[in-house]
Amino acid sequence: MADKKYSGKKQSAEELALGRIAPQAPELEEAVLGAIILEQNAYSIVSEILKPESFYREEHQEIYKAITNLFMKQQPIDLLTVVEELKKEGKLKQVGGIHYISELTRKVASAGHIEYHARIIWQKYLQREIIRISSELQAKSYDEAIDVNDLLEEAENSFFSLSQGQMKREVVQINPVIEEAIERIREAGNNKEKLSGVPSGFTDLDRITSGWQRSDLIIIAARPAMGKTAFVLSMARNMAVDFGKSVAIFSLEMSNVQLVNRLIVSETELSSEQIKNGRLSEQEWKQLDSKITTLVDAPIYIDDTAGLSVFELRAKCRRLKSKHDIDIVIIDYLQLMNASGMNPGSREQEVSLISRSLKGLAKELDIPIIALSQLNRGVESRTGDAKRPQLADLRESGAIEQDADMVLFIHRPEYYKITEDAEGNSLLGIAEIIIAKHRNGATGDVYLRFRQHLARFQNIDDIFEDDPTGGFHHSVSEGVDEITIKSKMNGGTGALPEFNDNSDLLGEEHSAPPF
């Protein structure tokens, strides 16, 4: 019996001089490949553990690729089909011919230990990858032209990508999942706000969402100047100050100082011009010192890295989760991110990769991620009520709409010079939050007050001296097929300012889309 020897990959001169060889388990590789060819269901056991590059010997990589191709084409996997597939690819002679493949089947008695063997092969692959990455980083460390921060970032991304490859969820029986679901229901019941997720601080919005839910990707979209950043900053302030939740904000458009200035304006109710030029009276300085204390120790973490990549975001979020146990991530905004290192084709494919990665990150960290998004210009060409955004208005909408658990739009009729509704009620200072998609709940509309000079969103029934509309309250009731939103005047206590004709802002009753 002629037995051909295969050296596999060549060792470096340095390795040979030091007597080192790369971590490998060629005998186990042969046993696993032989078991897959012999046993009908063996490939299904190892397919989630191994990939072609997991094998050390190039011949074994090619054989495993052929087996994977057969599986993808739903063809049987046996000695004859594997040989035929390698023949088609022109690789049969390269792997040692029919004789070598038949020899593989003789080196295994059964597939009983195939999973255990596969995991050892995977561990050897990880060891080789760690050596490779470390060697590349070591070589680059001697290059004075490479910035050390870039090198650190590359190191983090490389090792993070490697660790992600082995983070695969196991199939679990339903019982422990039910126990976890029951525990979450208990937590929500014991919560004084009766919310299962992270509260936004906007009462009517939380009533529909029950807070932002763990592992959800939430897209908040609007045309420029609608107040996207103001909306999420208002929420971040509510979550951190009122509910003690840790919030991470990634601002790709504004600097951290600009964001904090906005928070200061909103919290202290001083004008942005006063904050910018510092021309404050003695009383206003006291007002600033007094009201800013609520923000000083708030658990809000801001990162203003421009052109943030998905890999960078993932690494930063993992650190924040580990160090500060963040409850929610806010990204402003999605279209400014990039998917460098992921080799996207078109811009649409790049956005698709970004949105899919954000959803995966939300699941990995088990926290909600809110990403702001732009709408296309089609909104501007429409008139009247047709200017209300819809899902088709999302830029690169296919991927974003598909990956998101919730899609919300911000619509302010006042921006389009629409100052009254059909009933003659004032729309000044009114913002409509349109819940267009809600994978796990109801859709509908929520109305908030927007105080533009403070860049702040607040509950609709809050009343202020500069309030142009007066207060009103709306309640939400859920039916089997739809959620009905009722807007009522003077729902609170005390005498409130009235609208022109003392009628409902949106009429007697409006039905939102079915959910």
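## Terms and basis of the model

A residue is called buried when its relative accessible area is under 20%, exposed when that area is over 50%, and partly exposed in between, with a 1.4 Å probe and protein chains only. By this definition Asn238, with a relative accessible area of 11%, is buried.

The model is predicted, so local features need pLDDT of at least 70 and side-chain atom pairs count only at pLDDT 80 or more, while totals for chains, interfaces and linings use all residues. Residues are numbered from 1 along each chain as its sequence is written, and side-chain values use heavy atoms, with hydrogens and water left out.

## The chain as a whole

The secondary structure of the chain comes to 18 helices and twelve strands. Here helices (H or I, at least four residues) and strands (E, at least two) are DSSP runs, numbered from the N terminus. Of the 515 residues in the chain, 48% are buried.

The chain exposes about 26500 Å², and carbon and sulfur atoms supply 49% of this area. Accessible areas come from the Shrake-Rupley method with a 1.4 Å probe; for residues, only the protein chains shown count as cover. A contact means heavy atoms within 4.5 Å. Among contacts between residues at least 6 apart in sequence, 67% join residues at least 24 apart.

## Helix α2

Helix α2 covers residues 26-38, which is 13 residues, and reaches 18 Å from its first C-alpha to its last. This is close to the 18 Å expected at 1.5 Å a residue, where the expected span is 1.5 Å times one less than the number of residues.

Ten of the 13 residues of α2 are buried, so the helix is largely enclosed by the rest of the structure. Those buried residues are Pro26, Glu29, Glu30, Ala31, Val32, Leu33, Gly34, Ala35, Ile36 and Ile37. They pack against α3 (42-46), α4 (58-72), α5 (79-89), α6 (97-106) and α7 (114-141).

## Salt bridges

Side chains of opposite charge can pair when their charged atoms come close. A salt bridge is a side-chain nitrogen of Lys or Arg within 4 Å of a carboxyl oxygen of Asp or Glu. The structure holds 20 salt bridges. One of them joins Arg106 and Glu103, whose closest N and O atoms are 3.0 Å apart. Both residues lie in helix α6, three residues apart, about one turn of the helix. Arg106 is exposed, with a relative accessible area of 59%, whereas Glu103 counts as buried at 9% relative accessibility.

Another salt bridge links the side chains of Lys359 and Asp405 (2.7 Å, N to O). Lys359 lies in helix α17 (residues 347-365) and Asp405 in the loop between α18 (397-403) and β6 (406-411), so the pair ties together parts that are 46 residues apart in sequence. Lys359 counts as buried at 16% relative accessibility, and Asp405 is buried with a relative accessible area of 4%. Elsewhere, salt bridges that share partners join Glu129, Arg132 and Glu136 into one network.

## Helix α11

Asn238 is found in helix α11 (residues 228-242). Not counting residues up to four places away in sequence, Asn238 touches Ser200, Gly201, Phe202 and Phe243. The C-alpha atoms of Asn238 and Gln458 are separated by 9.8 Å, although these residues are 220 residues apart along the chain.

A salt bridge also connects the side chains of Arg237 and Asp242 (2.9 Å, N to O). Arg237 counts as buried at 18% relative accessibility, and Asp242 as partly exposed at 45%.

## Asp332 in strand β4

Asp332 has its place in strand β4 (residues 328-332). Asp332 is buried yet has no salt bridge, and the nearest side chain of opposite charge, Lys228, is 6.6 Å away. For charge, Lys and Arg count as positive and Asp and Glu as negative; His and the chain ends are not counted.

The side chain of Asp332 does make a polar contact with the side chain of Thr229 (2.7 Å). A polar contact is a pair of N or O atoms within 3.5 Å; within protein, one must be able to donate a hydrogen and the other to accept it, and residues adjacent in sequence count only if both atoms are side-chain atoms. Leaving out residues up to four places away in sequence, Asp332 touches Thr229, Phe250, Ser251, Leu252, Glu253 and Leu372.

## Loop residues with positive phi

Gln74 is found in the loop between α4 and α5. Its phi is near 60°, a positive value in a residue other than glycine, and Gln74 is exposed, with a relative accessible area of 74%. Ser215 lies in the loop between α10 (203-209) and β1 (217-222). Ser215 has a positive phi of about 70° although it is not a glycine.
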